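Student: Please take a close look at one part of this model, the backbone of its loops, and then connect that to whatever else can be said with care.

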Amino acid sequence: MRDDRTGDFGSGTAALKAIADTGGIVVSGSATTGPADAALWDRVKRRLRSELGEDVFQSWFARVEFAEADGLSVNLSVPTRFLKSWIQAHYIEKLLGLWQAEIESIRRIELVVRGTIRARPLARVEPAIAVAEPAAPAPTLIPAAPVVIAAPQRVESEGPGSPVDPRFSFDTFCEGAANRVAYAAARAIAETPSGRPTAYNPLYLNAGVGRGKTHLLHAIAQAARAADPQRKVVYLTAEHFMFRFVASLKNQSAIAFKEGLREIDLLLIDDLQFLQGKSVQQEFCHMLNALIDGARQVVVAADRPAADLETLDERVRSRLRGGVAFEIDAPDLDLRRQILKSRYRLAQNQNAGVAIPDTVIEYVAQSVVSNGRDLEGALNRLVAQWQFTNQPVTMASAEITLRDLVGAREPRRVKIEDIQKVVAVHFNVSKADLLSSRRTRTIVRPRQIAMYLSKTLTPRSLPEIGRRFGGRDHTTVLHAVRKVEELMRDDRSLAEEVELLKRMIDE
Ligand SMILES: Nc1ncnc2c1ncn2[C@@H]1O[C@H](COP(=O)(O)OP(=O)(O)OP(=O)(O)O)[C@@H](O)[C@H]1O
């Protein structure tokens, strides 16, 4: 903690000096914090800034805070796991060196993620960290109404139906392994003329939240009406059905209500799990029987299999069991990519100039694995971040914005084989190419990146990494590591690509 100018220890740093003078043995208390330590940290930051440049400093260190220090270690706190692993991988030696210039006895820099921030409502977006602003602005509050992708334009369906959202069409529905059968059945129903119900009657769609049940029902309703405007198509949520039924009893129009329902050609019932009440369920059962027996098509969607709808009348359940049930699974990676890309195209049409790098879209696809709604929510947040901060969306800022959707996960032990596999697939080369002595550019760069990742993600030594890459010398590995670091400093998109690879390896 010597003052650069005087060579003396600054005033107020007595505690740390005492520790340093005892060769790292803590004299009193296990750690010290105070204005003097903050001054030391300021000095380390000044050095970082001048050695790394303002841009790099702002990207990675502007939100790092000094927590505490003892004679052996310095604890710094960072806002995210991402930042922790980034600094750990790239700057830990530099930090250690700078701290040792202040206190010789320091042996370790500990990075701690600050208290996990509670899940925020979708409307709140934190500022990006990877921006060259002098200080991070306060969180920006986005108006609660959806501003990014236009709000649904609801239109009333004919007769007793619930509103249908024109955006939820077959054109905007992405098909994948998780929903292929349900999608095919939905299309067949929409295209089959009235009076000739399909083999799936009733069709029962079961899926966890946000997996596209409502979207498919709305798509069927719209496509069926477009194919035959005379066809009586009604989309109804179970709640809407209950509301209409109870209201009709009250105003003594129950008979007209029941007759109206029985004339339907195609009935689509959503969220059946919410159907409550004995008389409502009885009426529902009568309607189901009348329609199916009268060769009309019925489609029902719920968030669980019919057998698990415990509050549902056994007669309704049994009638549903007489049809065909399909489940929509959680989207796999390919479907997640499709959904994101289609939503991103929509967002681009509605927000001129919005730019989210491919690597960030891929990051979202890899890390938000739950359902279509969360994917949409993630994309909305990124577009909102871009709108409200006026800063480009980067991998680092996306990680912060989406941290509660992505969910915390302990890093797992990475193997060199995993790295070679992921890098080979990503660059479309074979693992044998990576280990070979071929020196074509298309192989050399992936090989260097794989070596760099092996050095930063595993505890393996340079000679060991060299051995695992076809028996190369440790100096070759060192050269590769330095080369990739140098390239990443000048080429942000390469840096993001490498960051993406890290995440894929950590999957
Ligand atoms: N395969 C998909 N293709 C395109 N968009 C999808 C797909 N799956 C889900 N989505 C989108 O995700 C959001 C949620 O879907 P939807 O409302 O249909 O889910 P749900 O299964 O009805 O969920 P819940 O039971 O919570 O109502 C919608 O905006 C929808 O467009």
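Tutor: Helices (H or I, at least four residues) and strands (E, at least two) are DSSP runs, numbered from the N terminus. The model is predicted, so local features are described only at pLDDT of at least 70 and side-chain atom pairs only at pLDDT 80 or more, whereas totals for chains, interfaces and linings use all residues. Residue numbers start from 1 along each chain as its sequence is written.

Asp-271 belongs to another loop, the one between β8 (266–270) and α10 (278–293), and its phi is near 55°, a positive value in a residue other than glycine. Asp-271 counts as buried because 20 other C-beta atoms lie within 10 Å (buried takes 20 or more other C-beta atoms within 10 Å of the residue's own, exposed 12 or fewer, and partly exposed lies in between, with C-beta atoms placed from the backbone). Asn-428, in the loop between α17 (416–427) and α18 (431–435), also has a positive phi, near 60°, and is likewise a residue other than glycine, but Asn-428 is exposed because it has 9 other C-beta atoms within 10 Å.

α19 (residues 441–457) and α21 (residues 474–490) pack at about 95° with axes 8 Å apart, the axes being lines fitted to C-alpha atoms over the stretch in contact, and the angle, on a scale from 0 to 180 degrees, being taken between N-to-C directions. The two helices are therefore roughly perpendicular to each other, a term for angles of 65 to 115 degrees. Gln-448, Ile-449, Met-451, Tyr-452 and Lys-455 in α19 meet Val-477, Ala-480, Val-481, Lys-483 and Val-484 in α21, contact requiring C-beta atoms, placed from the backbone, within 7 Å.

Note on methods:
Parallel < 35°, antiparallel > 145°, perpendicular 65-115°, else oblique. Contact = placed C-beta atoms within 7 Å.
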